[in-house]
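Trainee: I would like to learn how to read a structure feature by feature. Please take me through one.

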Amino acid sequence: MNVQTRSQAQQPAAQVESKAFVYCPICTHTVEGIVVSTGRTAKVKPGQKCSRCSAALDPAYIMRLDRAA
Ligand SMILES: [Zn+2]
């Protein structure tokens, strides 16, 4: 087991914002939103609101990343 005490949350991984379709669990619709990709993980950018129900999109699921070239 290789246990490293690397407790730094601020790693110099590039954060890329991109558009994506996210699933709003409040109104059960898929809406467009901004996701932040950090390395291989992507999550919904905090502070957004659902365009349908105006709920916070923080708990939304990412359905499909729109990687525009
Ligand atoms: Zn919604």
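This is a predicted model: local features need pLDDT of at least 70, side-chain atom pairs count only at pLDDT 80 or more; totals for chains, interfaces and linings use all residues.

Trainee: Which atoms are the protein donors of the zinc ion?

Mentor: The SG atoms of Cys 24, Cys 27, Cys 50 and Cys 53 are the protein donors, and they lie 2.3 Å from the zinc ion.

Trainee: How do I read the geometry of such a site?

Mentor: Start from the ideal: four tetrahedral donors have angles of 109.5 degrees at a metal. Here the angles among the four donor atoms of the zinc ion are 107 to 113°, and the site is tetrahedral.

Trainee: How are the donor residues of the zinc ion spaced in sequence?

Mentor: The spacing is C-x2-C-x22-C-x2-C. Cys 24 belongs to strand β1, residues 15-24, while Cys 50 sits in the loop between β3 (41-44) and β4 (61-65), so this pair ties together parts that are 26 residues apart in sequence.

Trainee: How many helices and strands does the protein chain have?

Mentor: The protein chain has zero helices and four strands. Read from the N terminus, the order of elements is β-β-β-β.

Trainee: In which sense do strand β2 and β3 pair?

Mentor: Strand β2, residues 29-38, pairs with β3 in the antiparallel sense, over four bridges. Ser 37 stands opposite Ala 42 in β3. The hairpin of β2 and β3 has two residues between the strands, and Gly 39 in this hairpin takes a positive phi near 70°.

Trainee: Is Ser 37 buried or exposed?

Mentor: Ser 37, which has its place in strand β2, has a relative accessible area of 9% and is buried. Leaving out residues up to four places away in sequence, Ser 37 touches Ala 14, Gln 15, Val 16, Ser 18, Ala 42 and Leu 65.

Trainee: What should I keep in mind about side chains along a strand?

Mentor: In a regular strand, side chains alternate between the two faces of the sheet.

Trainee: And what is the general idea behind a nonpolar core?

Mentor: In soluble globular proteins, nonpolar side chains tend to be buried together. In this model the largest nonpolar core has ten residues: Ala 20, Val 22, Cys 24, Cys 27, Val 31, Val 35, Val 44, Cys 50, Leu 57 and Ala 60. The elements that give two or more residues to this core are β1 and β2. The most comes from β1, with three residues.

Trainee: Which residues is Val 31 in contact with, leaving aside its neighbours within four places in sequence?

Mentor: Val 31 is in contact with Ala 20, Phe 21, Val 22, Cys 50, Ser 51, Arg 52 and Leu 57. Val 31, Ala 20, Val 22, Cys 50 and Leu 57 are among the residues of the core.

Trainee: What share of the residues of the protein chain counts as buried?

Mentor: Of its 69 residues, 23% count as buried.

Trainee: Where is Ile 26 found, and is Ile 26 buried or exposed?

Mentor: Ile 26 is found in the loop between β1 and β2. Its relative accessibility is 56%, and a residue over 50% is called exposed, so Ile 26 counts as exposed. Not counting residues up to four places away in sequence, Ile 26 touches Cys 53 and Ala 55. Ile 26 and Ala 60 are 34 residues apart along the chain, and their C-alpha atoms are separated by 8.6 Å.

Trainee: How many salt bridges does a search of the whole structure find?

Mentor: The search finds two salt bridges. In one, between Lys 45 and Glu 17, the closest N and O atoms are 3.1 Å apart. This pair links distant parts of the chain, with Lys 45 in the loop between β3 and β4 and Glu 17 in strand β1, 28 residues apart. Lys 45 is partly exposed, at a relative accessible area of 30%. Glu 17 is also partly exposed, at 48%.

Trainee: How far apart are the closest N and O atoms of Glu 32 and Lys 19?

Mentor: They are 3.6 Å apart, and Glu 32 forms a salt bridge with Lys 19. Glu 32 lies in strand β2 and Lys 19 in strand β1, so the pair ties together parts that are 13 residues apart in sequence. Glu 32 counts as partly exposed at 45% relative accessibility, and Lys 19 counts as partly exposed at 46%.

Trainee: What share of the contacts with a separation of 6 or more comes from residues 24 or more positions apart?

Mentor: In the protein chain, such residues account for 38% of those contacts.

Note on methods
Residues are numbered from 1 along each chain as its sequence is written. Side-chain values use heavy atoms; hydrogens and water are left out. Donors are N, O and S atoms within 2.8 Å of the metal (3.2 Å for Na, K and Ca); water is not among the atoms, so sites may look incomplete. Four donors count as tetrahedral if all angles lie between 85 and 135 degrees; four count as square planar and six as octahedral if opposite donors are over 155 degrees apart and all others between 65 and 115; anything else is irregular. Two strands pair if DSSP finds at least two bridges between them. A nonpolar core is a set of buried Ala, Val, Leu, Ile, Met, Phe, Trp, Tyr and Cys residues joined through side-chain atoms within 4.5 Å. Buried means under 20% relative accessible area, exposed over 50%, partly exposed in between (1.4 Å probe, protein chains only). Contact means heavy atoms within 4.5 Å. A salt bridge is a side-chain nitrogen of Lys or Arg within 4 Å of a carboxyl oxygen of Asp or Glu.
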